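Student: I would like to learn how to read a model like this one. Could we go through it together?

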Amino acid sequence: MNIPMYDAVIIGSGAGGASVAYTLTKAGFHVALLEKGDFLKRSDFSKDELAYCRRNIITPDLFNEYHIIAQEKNAHWVETPTYESGWSFWNGNIVGGSSNLMSGMFHRMHPDDFHLLQKYGPIEGANIVDWPITYEVLEPYYTKVESLIGVSGKFIPHPFEPPRSHPDYPFPPTKENGIVTLFDKSCRSLKMTPLVTPRAILSQDTSDRNACYYSNYCGSYGCSSGAKGSAREALIVPALSTGKLTLLSHTHVTQLFSSTKERIETAQCINTVTKKRFSISGRIFIVAAQAHESVRLLFNSASRFHPDGLGNTHGQLGKNLIFSGGGAGEGVLHTRTLQDISPQILMQPGYFFNRSLLDWYYVDEWWDGYFKGGLIEFMFSHANIISQALRHTYHDGRLQWGEALATRLQKTFTQQRAIRFEVFNDWLPTDKCFIQTAPNHKDIYGMPVGKLHIWGHSHDMKVGNYLAQKATQILEAMGAEYIYSDISATPAPNLIAGGCRFGNDPRTSVLDPNCRVHDIENLYVTDASFMPTGGSVPYTWTIYANALRVADKIVAHLHDL
Amino acid sequence: MHRRHFLILGSVSTLLPALPSSHPASQKLAFSRVRETIFAVQKHMFPPHTSLPSAQEVNTIAFLEETIFHPSYDKDIRAFVIRGAHALHQKEKGRFHIYTSEKKEQVLRRYEESEKGRMWLSRIMILSLEALLSAPVYGCNPAKAAWHALQRNGGMPEPTKKYIYG
Ligand SMILES: Cc1cc2nc3c(=O)[nH]c(=O)nc-3n(C[C@H](O)[C@H](O)[C@H](O)COP(=O)(O)OP(=O)(O)OC[C@H]3O[C@@H](n4cnc5c(N)ncnc54)[C@H](O)[C@@H]3O)c2cc1C
Ligand code: SF4
């Protein structure tokens, strides 16, 4: 049988995979991009809460494809399949991956995040290491992302803003709800510095993408204007126009295969619609299936040359899984007690809140101590109508219905608006947080599913609570009621990294500094699994930047072959 | 206890009758026997003359039926919806739908005292609010009356096909 041969075969079309597809095709190479999900176009994306937020339509049915989640309870690890809990670790399985659905809050990591160990020293029970590259190496790629993906923002000098090679963002900030007047005033009264949140969202038209039309439904939804900087819009569509990209949607990769120790030869695929199995060969392979699924694929590709999985010669594969530490909180602004802005402004849908705080990214205070803090992001609570209504169906522990429920919903929806904050701090890498496969649990394709051992270090909780307290002060100053926060070691599954650490030493890392698997010369990993520590910001800007950096190395590699 | 354990264990406890067979045809039959009871519960939850459209007006039961039998819907929850309705139906000897509003309130509040009853009512509430507040294409919100009552808009573009693919 004739197996098609490409210069590069990429598994996963999200932020990590598409960045490589873009760079390689622009450099003239033939690339196969394999994506297990469907290819939804701009025109397919609507604001359908049922389809996008309440059912598994763009993620697999958990009965067919699931994860095992192991969590420590009373000194025992309790394992729960996600089909049982409903806690899905699929984040968006369509061309462009979960980047289609992101809210687009974008932050660079800080230069000190690259050498956390050097700056703060070890923390007991945590495997903190310095990165094998510095901020200066990544900076040109962070800058490239600003124009290529499209990042809007306004640079406000702040001691903890990472240095920039360009004075400001290529696009002005997205439009803001007038609530920022109240927010900024409240921050200043507390001697805090409000910053404009950079967003991977176009505030102005470009030649092939339209500016944001402020749909009010951004996170968890695909964008029908092309404004959101998804991998599909910003990278895959332009890569397709080179004529060098073969995009295979509905193509699930089950294994990477080789007849030698040093090289991968084929990707074993299955068409998820026809269930036909086939192989694709390439000179170079790039895995970017999102951190936990990339690790699973490397484990499931074990062979006589790599009996414990690819990249696992030194038992490092799957170790040091990280999420984003922190949590979220909320307060409610009531039109009745509103200060400084009118109820009409508060209730106006569409425009963003767009404010974040970096004041405690690093904490060095006589009273509080010296430690790495994090970022606080402010936003309106998600506009989803069904899920908002469902939050108000109980009163005093009993389900409400009839007139009482209708009146309550009407009051809640028309007279108040919830302000949410999200805290991002480091999820320290530890020996207790890692990924394996579960040999007794197979997916619909007959492959062992991923088992995620999830464990958060108590230090993360301390830092998260510290930041949440600061956020709470602001909500109080704004006049919010019913304020609460929830900092926990139960992570959001959409920010996931680690498991294939990069580093100089093959005994302690899976990938080399260029994200190539140490002992396999033509295998790279370009999603967030390379990250030894996560910084205290959402990951996607860093995923894009690093994948673009690695893509340049792959271009050089292909030229050398 | 995890959701699925609860749903499945429920079938062997004495409070609720056994799970209807997971075969769609027999589930359809089982559903048809309790359709009236479920709709009566929805009508009690969303009566006429409140600020929201009533269950009767927008025919929430049609949405519920279509939803739970859609392939994207969790098959165990589908069975649970039917099973919980059977329990209520049997307890009230098939008369729930003809009770007065006061009697219905009494019965449902009593049903709510058991954990399974509470979970079942909560599930009916979820399915009813999904009906009332989902996009017009799903059939129960054609004039967006519920959205207007809450002064909300579902966002543009509105879906033109159910569950993306129609
Ligand atoms: C609702 C939501 C909001 C978010 N908001 C933000 C935000 O504001 N800021 C931010 O920085 N980040 C945000 N994120 C996170 C961001 O989307 C991810 O960090 C980023 O997209 C991850 O990129 P990736 O390439 O690792 O994975 P993905 O983008 O998920 O791509 C992986 C792709 O690989 C495919 N795949 C997996 N396994 C296989 C296989 N075996 N064969 C073939 N294909 C496979 C998947 O289907 C998927 O399309 C958000 C995510 C979500 C879901
Ligand atoms: S139009 Fe704007 S707000 Fe709506 S999804 Fe696109 S980027 Fe987000």
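Student: How do the residues of the shell around ligand 2 divide into nonpolar, polar and charged?

Tutor: The general idea is to sort residues by class: Ala, Val, Leu, Ile, Met, Phe, Trp, Tyr, Cys and Pro count as nonpolar, Asp, Glu, Lys and Arg as charged, and the others, Gly among them, as polar. Here the shell around ligand 2 has 8 nonpolar, 1 polar and 2 charged residues. Among the residues that surround ligand 2 are C212(A), C218(A), C223(A) and K228(A); a residue is near a molecule if one of its heavy atoms lies within 4 Å of it.

Tutor: A word on the source: this is a predicted model, where local features need pLDDT of at least 70 and side-chain atom pairs count only at pLDDT 80 or more, while totals for chains, interfaces and linings use all residues. Residues are numbered from 1 along each chain as its sequence is written, chains are lettered from A and ligands numbered from 1 in the order in which they are written, and side-chain values use heavy atoms, with hydrogens and water left out.

Student: Which residues are the closest to ligand 1?

Tutor: Of the 37 residues surrounding ligand 1, the closest are G16(A), E35(A), N93(A), S98(A) and T540(A). By class, this shell has 15 nonpolar, 19 polar and 3 charged residues.

Student: What polar contacts does an oxygen atom of ligand 1 make with G16(A)?

Tutor: Look for a pair of N or O atoms within 3.5 Å. An oxygen atom of ligand 1 lies 2.8 Å from a polar backbone atom of G16(A). With N93(A), an oxygen atom of the ligand is 2.8 Å from an N or O atom in the side chain. The protein covers 95% of the 1000 Å² of accessible area that ligand 1 has on its own (Shrake-Rupley method, 1.4 Å probe).

Student: Is helix 8 of chain A mostly covered or mostly open?

Tutor: Buried means under 20% relative accessible area (1.4 Å probe, protein chains only), and a helix is a DSSP run of H or I with at least four residues. Helix 8 of chain A, residues 291-300, is mostly covered, with 10 of its 10 residues buried. These include H292(A), E293(A) and R296(A).

Student: How many residues does each chain bring to the contact?

Tutor: Contact means heavy atoms within 4.5 Å. Chain B brings 49 residues and chain A 44.

Notes. A polar contact is a pair of N or O atoms within 3.5 Å; within protein, one must be able to donate a hydrogen and the other to accept it, and residues adjacent in sequence count only if both atoms are side-chain atoms. Buried means under 20% relative accessible area, exposed over 50%, partly exposed in between (1.4 Å probe, protein chains only). Helices (H or I, at least four residues) and strands (E, at least two) are DSSP runs, numbered from the N terminus.
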